[in-house]
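Please look through the structure shown below, and then follow the report as it moves from charged pairs to helices, aromatic rings and nonpolar cores.

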Amino acid sequence: MSELVTGEAVALELRPARLPSRALAVLLDLVVALAVYVAVTIAVVVSTASLDEAAQTALSIATFVLVLVGGPIAVETLSRGRSLGKMACGLRVVRDDGGPIRFRHALVRGLIGVIEILMTFGIVACIASFVSARGRRLGDVFAGTLVVRERIPVARTGFVPPPPPWLAGRFSELDLSAVPDGLWLAVRQYLTRMRQLDPQVGWSMAARLASDLSERTGAPVPQGVPPAAYLAAVVQERQAREARRAFGSDAGQGAPSSAVPVTHGPVGTGAAPAAPRHGQSESRPQEAVSEPSGGERPAESPGVPAGERPGTGFVPPA
């Protein structure tokens, strides 16, 4: 990518066209121009057969200048930098500030193109484009223009691969508060593109990112866990926490169930039992049926607090 600064001090990121695409565009333009030139030359020769040799030579030079020099200049001026070859290759000529070219830019490019393309068979243009950092030939340098790519292939947005099943939920107690957003972005970009990387390069990048992530979390990478799998598992844990925080799926689980004891009225007194809190067993009314007729409750099991009785899994709506 090349950064161009407009007159309003706005930075534009454009992708300059390189030598292969530019050479193909110039070749297509030359084929079309030569076909038109041959057709026009035959028409001129047939129509001026009665003239003398000097007049025919003058008409031949005029035809060459008008078709092979004036034609590309007129096409680039009227199409704002898009000749037939450039349209076929998805290229466009723009100014150094990213704006459309005018007649003077096309004129300078066309006149210098006669020397570096037509007279030298494109050797000078190829050397200049190969040496230039942005692939510009001499005509672009003197005219203050740049050939950029208009059609950029859109890369498919990859998805973050899930971790192995044996790593699911293993990092639920990991502290992720100290991990910066830049490191999360780097990890996500690596996970989405790791299938496109060389295996050795991908492994070294994963190991470096895993080391940085473990330093931020304060917990080392578990032994025997590949770095890429570790990164995927930690990213999935972060996404799960963000989802719980956004949708409130853990609402109502903050207060301990032993805060208020459960009380039951004695059998036969008509007292309704208190509604059980979340996390407590709902089988207590059945215990009351087996209580003695005197209304006394059986003693609680020693060492088992009320808050640790098995729950029913009921979650009140948030």
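## A buried glutamate and its partner

Glu237 has a relative accessible area of 9%, and because buried means under 20%, this residue counts as buried. The model in which this value was computed is a predicted one. The side chain of Glu237 meets that of Arg244 in a salt bridge, with a distance of 3.9 Å from N to O. Arg244, at a relative accessible area of 35%, is partly exposed, whereas Glu237 is buried.

## Salt bridges around Asp140

Side chains of opposite charge can pair when their charged atoms come close. The structure holds 11 salt bridges, and two of the pairs described here involve Asp140. With Arg22, Asp140 forms a salt bridge in which the closest N and O atoms are 2.8 Å apart. This pair links distant parts of the chain, since Asp140 belongs to helix α6 and Arg22 to helix α1, 118 residues apart. Asp140 is buried, with a relative accessible area of 0%, and Arg22, at 10%, also counts as buried.

Asp140 also forms a salt bridge with Arg109, where the closest N and O atoms are 2.1 Å apart. Arg109 lies in helix α4 and Asp140 in helix α6, so this pair ties together parts that are 31 residues apart in sequence. With a relative accessibility of 3%, Arg109 counts as buried. Through salt bridges that share partners, Arg22, Glu76, Lys86, Arg109 and Asp140 are joined into one network.

Helix α2, with 26 residues, reaches 35 Å from its first C-alpha to its last, which is close to the 38 Å expected at 1.5 Å a residue. At Gly70 this helix bends by about 40°, and a proline, Pro72, follows within four residues. In α2 the residues Thr63, Val67, Leu68, Val69, Ile73 and Glu76 are buried, and the buried residues of this helix pack against α1, α3, β3 and α4. Just after α2, Arg80 takes a positive phi of about 60°.

## Two aromatic pairs

A pair of aromatic rings is described by the distance of the centres and the angle of the planes. How many aromatic pairs does a search of the whole structure find? The search finds two. In one of them, Tyr37 and Phe64 are arranged edge-to-face, with 6.1 Å from centre to centre and 85° between the planes. This pair links distant parts of the chain, with Tyr37 in helix α1 and Phe64 in helix α2, 27 residues apart. Phe64 has a relative accessibility of 32% and counts as partly exposed.

In the pair formed by Phe171 and Tyr230, the ring centres are 5.3 Å apart and the planes stand at 80°, so this pair is edge-to-face. Phe171 sits in the loop between β4 and α7, while Tyr230 is in helix α9, and the two residues, 59 apart, link distant parts of the chain. Phe171 counts as buried at 8% relative accessibility, and Tyr230 counts as buried at 1%.

## The nonpolar cores

The largest nonpolar core has 22 residues, and those with the most contacts inside it are Leu213, Tyr230, Leu231 and Val234. Helices α7, α8 and α9 each supply at least two residues of this core, and α9 gives the most, with seven residues. Leaving aside residues up to four places away in sequence, Val234 touches Phe171, Leu174, Leu176, Trp184 and Leu213. Apart from this core lies another one, of 10 residues, which includes Val69, Leu91, Val114 and Val147. Val69 is also one of the buried residues of α2.

Conventions: Residues numbered from 1 in each chain as written. Predicted model: local features only at pLDDT ≥ 70, side-chain atom pairs only at ≥ 80, totals over all residues. Heavy atoms only, no water. Core = buried A, V, L, I, M, F, W, Y, C linked by side-chain atoms within 4.5 Å. Buried < 20%, exposed > 50% of the residue type's maximum accessible area, 1.4 Å probe, protein only. Contact = heavy atoms within 4.5 Å. Phe/Tyr/Trp six-rings, centres within 6.5 Å; stacked < 30°, edge-to-face > 60°. Bend = angle between axes of the 7 residues up to and from the residue. Salt bridge = Lys/Arg side-chain N within 4 Å of Asp/Glu carboxyl O.
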